[in-house]
Amino acid sequence: MKSVKEQMELARKAQAEVSNYTQEQIDDVCLAVGWEVYEDNNIARLAHMAAEETGYGNAESKIIKHKRKVGGVLHDIRGAKSVGLMERDEATGISKFAKPVGVVCAILPATNPTATCGGKAISILKGRNAVIFKPSSRAVKSTTETVEMMRAGLRKVGAPENLIQILEEPGREGINELMREADLIVATGSGQVVRAAYSSGTPAYGVGQGNAVAIVAEDADVAQAATMICGSKLFDYATSCSSENAAIAVEAVYDAFVAELKKNHCHLVAGEDREKLKNHMWKLNARGKYALNPDIIAKSAAHIARGAGIAIPEGTDILLVEGTEPILDDRFHDEKISPVLAVYKAADFRDAYRILVELTDTVGRGHSCGIHTWKRDYIDFLGANMKSSRITVRQAMSAGNGGHPFNRMPSTATLGCGTWGGNITTENVHWRHFINVTWVNEPVEPWSFSDEEMWGDFWKRHGK
């Protein structure tokens, strides 16, 4: 077992070797590594390993996730300039040159340990950097296998294999030392992990808590909205932070929407069964606080129902509960990380917006929201007013938020939530976040202004 110091020395040596690679050379590195975690046999192996080892999600979804996330990152970096001169503006005299950030510490979640690892590696390598991954304790075997596959890809193009490593020193002290010694941290996981990254003294990108909510407006294609929301919720048993935790349908389409949800293999849990479900999903933890029961996280609806002691129809994929108000008094407002969906009835769009704000201000502020509508005024109103970093329109949020062929969001599994969610960026963290940019400024014609040009209109409105 290597120490953190030894691994850092290897990483820095490897990074120094590629620091002068041409754009073509580093792009070949990315393609070689990407293929290893995109090729069908490899990703089937990784997906089954991850599902079995962690107990989260299902292999079929994880295979799709590899194709989507790794393929999306490769699409995004294709033709992108990350070496040397990136752009030159003759009018301003500004030129921008890309430089590596160095060695990146990448902390991975148990819910998505292999596709996140693959996508992150490609984005980090694009900037001629090295990376040391810290796997979740629940996913060491599957993450190690992912790293070994990618190291094989590095060898195929003659690149130093220590550009990609997995942290070998176990325990908290190992990860703390790695975070201190790295040049940059990208942390995808729990709030505790993100806070540790931010307090390490090393520059860090982190994520905020999810609690994605979608509005279904009166003009929505209700059948389409229900199909999208259910597909998103069911995917990998809702491991994604972008999986819809609640849907708010306006009164005019509420009954039709619920009927469509039932057609998509949803079962409405009500009365005593609703109480049983709630008591099973949230339990007192060791610190005396109510938290999600680990036994329900990213498990099937049938598994959750059995644990709660409730009977559901065979073939049920998603458990529905009707949300109640006051929202804070009902535990189902929380992030659920499982195929359990809360549905709320709103009088109209403005009432739906009120419920949306209450839900996300309580849990998930800054992360995301969605809307199924064609009304531009509704879309623009959310864009202008919601404290969300991404607003996804007429799409399945678990796919759309992190980038997909049907939109142009940057592909990633790390979704910044801005200051609303305690993060430094609202962006999808992608390859551009793993380069330093040098601005070269050359002299041009000086600008100037007169007092009248600057304040003339202001003085007319307010007086001098």
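The protein exposes about 20700 Å², of which carbon and sulfur atoms supply 51%; accessible areas come from the Shrake-Rupley method with a 1.4 Å probe, and for residues only the protein chains shown count as cover. The structure is a predicted model, in which local features need pLDDT of at least 70 and side-chain atom pairs count only at pLDDT 80 or more, while totals for chains, interfaces and linings use all residues. Residues are numbered from 1 along each chain as its sequence is written, and side-chain values use heavy atoms, with hydrogens and water left out.

Of the 464 residues in the protein, 55% are buried; buried means under 20% relative accessible area, exposed over 50%, and partly exposed in between (1.4 Å probe, protein chains only). The secondary structure comprises 16 helices and 17 strands, where helices (H or I, at least four residues) and strands (E, at least two) are DSSP runs numbered from the N terminus. The radius of gyration is 24 Å, close to the 23 Å that the globule rule gives for 464 residues, so the protein is as compact as a globular protein of that length. This radius is taken over C-alpha atoms, and the globule rule is 2.2 Å times the number of residues to the power 0.38. The C-alpha trace spans about 75 × 70 × 40 Å along its principal axes. Among contacts (heavy atoms within 4.5 Å) with a separation of 6 or more, 72% are between residues 24 or more positions apart.

Cys-230 is in no disulfide, and its nearest cysteine sulfur, that of Cys-266, is 3.5 Å away. Cys-266 is likewise in no disulfide, the sulfur of Cys-230 being the nearest. Cys-230 is buried, with a relative accessible area of 4%, and Cys-266 is buried at 8%.

Several backbone features lie in loops. Most residues other than glycine have a negative phi, and most peptide bonds are trans. Glu-325 and Pro-326 are joined by a cis peptide bond with omega of about 0°. Pro-326 lies in the loop between strand S13 (318-322) and strand S14 (340-346). Ile-337 is found in the loop between S13 and S14; this residue has a positive phi of about 45° although it is not a glycine, and is partly exposed at 22% relative accessibility. Tyr-237, in the loop between helix H9 (222-234) and strand S9 (246-250), has a positive phi near 55°. The relative accessible area of Tyr-237 is 23%, which makes the residue partly exposed.

How values were computed. A disulfide is a pair of cysteine sulfur atoms within 2.5 Å.
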